[in-house]
Each structure stands twice: as structure tokens, then as C-alpha cells.
Amino acid sequence: MANAYAAYQNISLDGESAYEELYSRLARWTDEALQFYKVSSEAEAEYRLERCIELLGYMDRGLDLSGTAEVVKAILSLHRFAIGALVKAKAERDSKELAQLVRVFLSLGEIFAAIREKRLAN
């Protein structure tokens with residue numbers, strides 16, 4: 001059992017890679033919701049939006065608050081903006097802001113990729 005745990009630890013992602021992957025997932029789910037709204041499949045769209053909202057809440061808990069306070073505050077503010085846009089899209093069954101939100105999530109993923117690359121270069 002201990003060997004299995006050790007093997008798992010070796011394949012787990014570092015923090016930056018994990019956040020990069022999670023933002024990629026958020027972008028994909030948000031885009032899927034947008035596509036489902038376009039074909040009048042509201043239940044499928046809302047399911048994706050709910051998953052995004054939940055994931056953002058979990059991601060908030062994982063942020064390292066001991067780091068640069070300004071960066072953490074900016075990320076939390078972007079998360080609040082995103083949650084607000086997701087809730088609004090779900091409540092109004094309106095997808096007009098979701099395309100921009102996909103780009104926000106992709107940009108956040110790119111930021112964490114750049115942080116990882118910088119850390120690994122040092």
C-alpha cells in the first residue's frame with residue numbers, strides 16, 4: 001500500500017500545473033455550456049455551469065495565501081467575477097458573456113504555466 005501511495009505522489013501535479021489544468025477544464029466546461037445554450041439544451045448547459053462554480057470554490061481554498069497578497073487578491077477577484085458571470089448566465093439562461101469567460105480562464109491557465117516555467121528555470 002505504501003508503494004502505491006509513493007507512486008501516486010510521483011505522478012501528482014505541482015501546484016502551478018494543477019491550476020493550469022483546472023483553468024483549462026473551466027474553459028472547456030464553460031465553452032461546452034455556451035454550445036449547449038446555442039442548441040437550447042439548458043439542462044446540459046446549467047450542469048456545466050454548476051460544475052464550474054463548484055470548482056472555482058474549491059480552487060479558492062487551495063490558493064497559497066502566504067505568497068504575494070496582491071496576486072492572491074487579484075486571482076480571488078477574478079474568481080468572484082467568474083462566479084458572478086456563471087451564476088448570471090445560469091439564472092438568465094443567457095450565454096452572451098460565456099465566450100469572454102472562456103478567454104479569462106485560458107489566460108489564467110497561461111499565467112500559472114508561466115509561473116511554473118519561471119520557477120523551474122530558477
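## A buried threonine

Thr30 counts as buried because its relative accessibility is 0%; buried means under 20% relative accessible area, exposed over 50%, and partly exposed in between (1.4 Å probe, protein chains only). Thr30 sits in helix H2, residues 15–38. Helices here are DSSP runs (H or I, at least four residues), numbered from the N terminus.

Contact means heavy atoms within 4.5 Å. Leaving aside neighbours within four places in sequence, Thr30 is in contact with Cys52, Leu86, Leu98, Leu101, Val102 and Phe105.

## About the model

This is a predicted model, in which local features need pLDDT of at least 70, side-chain atom pairs count only at pLDDT 80 or more, and totals for chains, interfaces and linings use all residues. Residues are numbered from 1 along each chain as its sequence is written, and side-chain values use heavy atoms, with hydrogens and water left out.

## Helix H4

Helix H4 covers residues 69–92, 24 residues in all. From first C-alpha to last, H4 reaches 34 Å, close to the 34 Å expected at 1.5 Å a residue. That expected span is 1.5 Å times one less than the number of residues.

The buried residues of H4 are Val72, Ile75, His79, Ala82, Ile83, Ala85, Leu86 and Ala89. They pack against H2, helix H3 (42–62) and helix H5 (98–121). Leu86 is also one of the contacts of Thr30. An α-helix has 3.6 residues a turn, so residues three or four places apart point the same way. Just after H4, Arg93 takes a positive phi of about 50 degrees.

## Salt bridges

A salt bridge is a side-chain nitrogen of Lys or Arg within 4 Å of a carboxyl oxygen of Asp or Glu. The count comes to nine. One of them joins Glu32 and Arg48, at 2.9 Å from N to O. Glu32 lies in helix H2 and Arg48 in helix H3, so this pair ties together parts 16 residues apart in sequence. Glu32 is partly exposed at 26% relative accessibility. Arg48 is buried, at 14%.

Arg48 also meets Glu44 in a salt bridge, 2.6 Å from N to O. Glu44 and Arg48 are four residues apart in helix H3, so about one helical turn separates them. Glu44 is partly exposed at 34%.

## From H3 to H4

Glu50 forms a salt bridge with Lys90, with the closest N and O atoms 2.7 Å apart. Glu50 belongs to helix H3 and Lys90 to helix H4, so the pair ties together parts 40 residues apart in sequence. Glu50 is partly exposed at 32%, and Lys90 is partly exposed at 28%.

Terms used. Helices (H or I, at least four residues) and strands (E, at least two) are DSSP runs, numbered from the N terminus.
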